[in-house]
Amino acid sequence: MASANSTYGQKEASDQNFDYMFKILIIGNSSVGKTSFLFRYADDSFTPAFVSTVGIDFKVKTIYRNDKRIKLQIWDTAGQERYRTITTAYYRGAMGFILMYDITNDDSFNAVQDWSTQIKTYSWDNAQVLLVGNKCDMDDERMVTADRGRQLSEHLGFEFFEASAKDNINVKQTFERLVDIICDKMSESLDAGDPAVTGAKQGPQLTEQPAPRGRTVHVSSA
């Protein structure tokens, strides 16, 4: 047991070896593919079986961007209305959002405006958002054209991607672009002396929320 604890302690120490930690949320209607998108990015895995996310879950991934080691805490939120009170509590402290809809589901696209309003209501003003039309591999069943997605993203002031968790299209690119935007905005805010952003380095305030039940959190600042 002592050996296991020692290994765990070493892992915890190594987990703190980063320049910045960003909290990112994936939001959108149920069944648009949020969990599959996260698993494709974090684990490079995909399963066609749909299992509805209960409450909220997260994964940690560390990447290098602009000579900085950045730890991403990526939260996968439940899309159902009954979990809305739980999930919106996690918006606070999020540096970025991936707002997702399913290109084969008009209702999920029509809900984007409401999700955008929730971001504005519950997150901080400088949170960055990308709009993602998922399941672009299912073009034969498409109900939402890329032009409609692009027009809505321009109206909302978000950048836009179409992606596929199944075929691994634009998954990594989406996350890396969001991180780049956050870094750019954070640099601007740091230059301006914005106190809301200065804590992003080694950012414990990004993990203030309690961990989901039944999960072991391996982020020591949580």
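Among contacts in the protein chain between residues at least 6 apart in sequence, what percentage join residues at least 24 apart? The figure is 75%, where a contact means heavy atoms within 4.5 Å. The structure is a predicted model, in which local features need pLDDT of at least 70, side-chain atom pairs count only at pLDDT 80 or more, and totals for chains, interfaces and linings use all residues. Residues are numbered from 1 along each chain as its sequence is written, and side-chain values use heavy atoms, with hydrogens and water left out.

Confidence was examined across the chain. The pLDDT, the predictor's confidence in each residue on a scale from 0 to 100, averages 79 for the protein chain. A score of at least 70 is reached by 69% of the residues. Over residues 1-14 the pLDDT is below 50, and this stretch has six contacts in the model beyond near neighbours in sequence. Residues 197-222 also have pLDDT below 50; beyond near neighbours in sequence, 59 contacts involve this stretch. Where pLDDT is low, the predicted coordinates should not be read in detail.

The protein chain contains eight helices and six strands. These are DSSP runs numbered from the N terminus, with helices being H or I of at least four residues and strands E of at least two. Their order along the sequence is α-β-α-β-β-α-β-α-α-β-α-β-α-α. The chain has 222 residues, of which 48% count as buried. Buried means under 20% relative accessible area, exposed over 50%, and partly exposed in between, with a 1.4 Å probe and protein chains only. The accessible surface comes to about 11,000 Å², by the Shrake-Rupley method with a 1.4 Å probe. Carbon and sulfur atoms account for 48% of that surface.

Helix 2 is mostly covered, with seven of its ten residues buried. These are Lys34, Ser36, Phe37, Leu38, Arg40, Tyr41 and Ala42. Asp44 follows helix 2 and has a positive phi, near 50°.

Eight aromatic pairs were found in the whole structure. Rings of Phe, Tyr and Trp (its six-membered ring) pair if their centres lie within 6.5 Å; planes under 30 degrees apart count as stacked, over 60 as edge-to-face and the rest as tilted. Tyr41 and Phe175 form a stacked pair, at 4.0 Å centre to centre with 10° between the planes. Tyr41 lies in helix 2 (residues 34-43) and Phe175 in helix 7 (residues 171-192), so the pair ties together parts 134 residues apart in sequence. Tyr41 is buried at 7% relative accessibility. Phe175 is buried at 0%. Together with Phe37, Tyr41 and Phe175 form one aromatic cluster.

Charges over rings were also identified. The criterion is NZ of Lys or CZ of Arg within 6 Å of the ring centre and within 35 degrees of the ring normal. The charged end of Lys59 sits over the ring of Phe39, 4.5 Å from its centre. Lys23 lies over the face of Trp75, 5.7 Å from the ring centre.

Helix 5 (residues 112-122) has two sides. Val112, Trp115, Ser116, Gln118 and Ile119 are buried. They lie on the same side of helix 5 because they cover an arc of only 155° around the axis, taken from the directions from the helix axis to the C-beta atoms. Asp114, Lys120 and Thr121 are exposed on the other side.

Leu131 belongs to strand 5 (residues 128-134). Leu131 is buried, with a relative accessible area of 0%. Beyond residues up to four places away in sequence, Leu131 touches several residues, among them Leu99, Tyr101, Val112, Leu152 and Phe160.
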